[in-house]
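This report walks through a structure for someone meeting it for the first time. Please keep the sequence and the model at hand while reading.

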Amino acid sequence: MRPAPSHRPDAVPLAAGIGLRHAHVLDFLTAPQEVSWLEVHSENYLCAGGPRLAQLERIRADYPLSCHSVALSLGAAEGVSPDHLARLRALYDRFQPGLISDHLAWCGVAGMHAPDLLPLPLNGESLDVVARNVERVQEGLGRRLLVENPSLYLRFQADEMDEADFLAALAARTGCGLLLDINNLYVSCQNRARDAASLLARFPAAAVGQYHLAGHTRLMVDDAVLLVDDHGSPVSDPVWALYGQALRLIGPRPTLVEWDTEVPPLPVLLGEAAQAQALLGEVGPC
Amino acid sequence: MLKQLQQAMLGAVYGDAAGFARVVDGLAPAAVDPVRALYLHTATVTAALTGVLAQAYPAVHAGMGEEAFSALATRFARQQPPALPVLSAYGAGFAELVPPALQGMARLDWAAHLAYFAADCQIFSLEALALIPPDRLGGLDLRPVPSTSLLPALDPAPWLSQRPDLAVVINPFESPPAGALVWRRPDLRVAACPLTDGMLALLNGLAAGLGLFAAAESALVAGLPDLPASLAFLLNQGLLTRHEDAAP
């Protein structure tokens, strides 16, 4: 059994956690659950008041929390929104997450937002933009940010480097950490005809502060396969294998299992987290 | 360069053919046709916003059916993309696009959506009222709680039958119905009930900051039959807060 709930635990432990989804909130409010920590999508809690914030307050009292935002738009050439930074700062000051993260992506310009993680060319110009934005975010939030590798479906003619080199340079320049999403790495490499294992080996281990795991789906597009990062199924075998490799090469880190579409009953998600926990246990502490 | 690319790609995901073509020009060949791969982002944005609108307008969604609702949501998303990355605030103008027969439901759906996310505040109770000295009662500045919406000329009954997620509150002063009242109760459930002209006048007066007696006077003129019982109903339902206790 999970230990008796403590009061507002702050640090995210070196263990497996799950993404807290609305469908499971009642499970957490009515009984302790066997999971070491939880992650929420920050933007889902950017409201003035009401049940969501009240429920998160209650759950936060018992579980370490990571806040994962999806709309900082770190890759936006126009820069990050000071208003959005202020909203997130208020949320993080209230809930005191042990980890915060967002994506190597962008999602809007000039007062127009798109709810997707849009890609940007991986080159020097983009690196300058993202580094400037990450510095502004870390200063504005007063916390170290973990930047996640997103799932990629496109390659730009203007690409000059791969994700590992780009994120390593970003971490070195800004002091940010990295959230290594193993499923995204696998999906991107499959879609862009790259070898995931060799790319993984070039991620800067010291900067990696968290792993994500999730399911994806296979689409046949004409005669080619496109993997889509839909977070709607169990973690696939190749992703589990890649995770094992990451644990050996980079080391154990807090690991999150995400499931966002076709959300299953909580025990199914907890089972996925237990599998991640077992792999973490095989590697042992850092 | 990056700024121009991003403007084109944002256009592309909202259906702008010229923007789509500009982005495709800069893509490298891959096993999957880059046009099809880029379209995945357009489809993701459309699906996400359709889902957001379906959550905000469940009765309209049920009334229109999946296909018609999705088509309308896509049209709305392209006409009025979100300005902010806070999607709980997205969709205010959608009611104007829905078929006329469902516009009342759309306004009620949106009121319930706003109530769910509205600011918390200190509720002013019947017990608290009893502690106010009689000579202070007249100027007491009570306001509807921030989650309150008053919707004149809308009977909420047909809508409530489509919204089992909401609390249906029996208002003893609801006949003849002159409008709908939607708010979030202290137990955090969104609730709704019909309103009479008199109750509507009382709440409108309080919302305008008239003070208790002046608001009551306007309600009595509008036909409110029983002021003490009406006030007790509002207080017991957690509908009022002192002005100084309302969240900014």
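What is the mean pLDDT of chain A, and what percentage of its residues reach 70 or more? The model is a predicted one, and in chain A the mean pLDDT is 95, with 97% of the residues reaching 70 or more. Residues 1-6 of chain A have a pLDDT below 50, although this stretch has ten contacts in the model beyond near neighbours in sequence. Where pLDDT is low, the predicted coordinates should not be read in detail.

**The barrel of chain A**

In chain A, eight strands close into a barrel with parallel pairing, and their order is β1-β2-β3-β4-β7-β8-β9-β12. Neighbouring strands of this sheet are turned against each other by 30° on average, direction ignored. Strand β9 of chain A, residues 208-213, is joined to strand β12 of chain A, residues 255-257, by three bridges, and H212(A) stands opposite L256(A) in β12(A). Helix α6 of chain A, residues 182-191, lies across β7, β8 and β9 of chain A and runs at about 65° to β8(A).

Another helix of chain A, α4 (residues 124-141), holds S126(A), which counts as buried because its relative accessibility is 1%, under the 20% cut-off. Leaving aside residues up to four places away in sequence, S126(A) touches L120(A), P121(A) and F166(A), and also L2(B).

**Domains, helix and strands of chain B**

The domain assignment of chain B gives domain 1 (2-98) and domain 2 (126-245), and the C-alpha centres of these two domains of chain B lie 39 Å apart. Helix α6 of chain B covers residues 103-117 and reaches 21 Å from its first C-alpha to its last, close to the 21 Å expected for its 15 residues. Among the buried residues of α6(B) are M105(B), L108(B), W110(B) and F117(B).

Strand β5 of chain B, residues 190-195, is largely enclosed by the rest of the structure, because six of its six residues are buried.

| Strand paired with β5(B) | Bridges | Direction |
|---|---|---|
| β3(B), residues 167-168 | two bridges | parallel |
| β4(B), residues 179-184 | six bridges | antiparallel |

Within these pairings, A167(B) stands opposite A191(B) in β5(B), while L181(B) stands opposite C193(B) in β5(B). The hairpin of β4(B) and β5(B) has five residues between the strands, and there L188(B) takes a positive phi near 75°.

Note on methods: Residues are numbered from 1 along each chain as its sequence is written. Chains are lettered from A and ligands numbered from 1 in the order in which they are written. This is a predicted model: local features need pLDDT of at least 70, side-chain atom pairs count only at pLDDT 80 or more; totals for chains, interfaces and linings use all residues. Side-chain values use heavy atoms; hydrogens and water are left out. Two strands pair if DSSP finds at least two bridges between them. Helices (H or I, at least four residues) and strands (E, at least two) are DSSP runs, numbered from the N terminus. Axes are lines fitted to C-alpha atoms, for helices over the stretch in contact, and angles run from 0 to 180 degrees between N-to-C directions. Contact means heavy atoms within 4.5 Å. pLDDT is the predictor's confidence in each residue, from 0 to 100. Domain bounds come from an automatic or database domain assignment. The expected span of a helix is 1.5 Å times one less than its number of residues. Buried means under 20% relative accessible area, exposed over 50%, partly exposed in between (1.4 Å probe, protein chains only).
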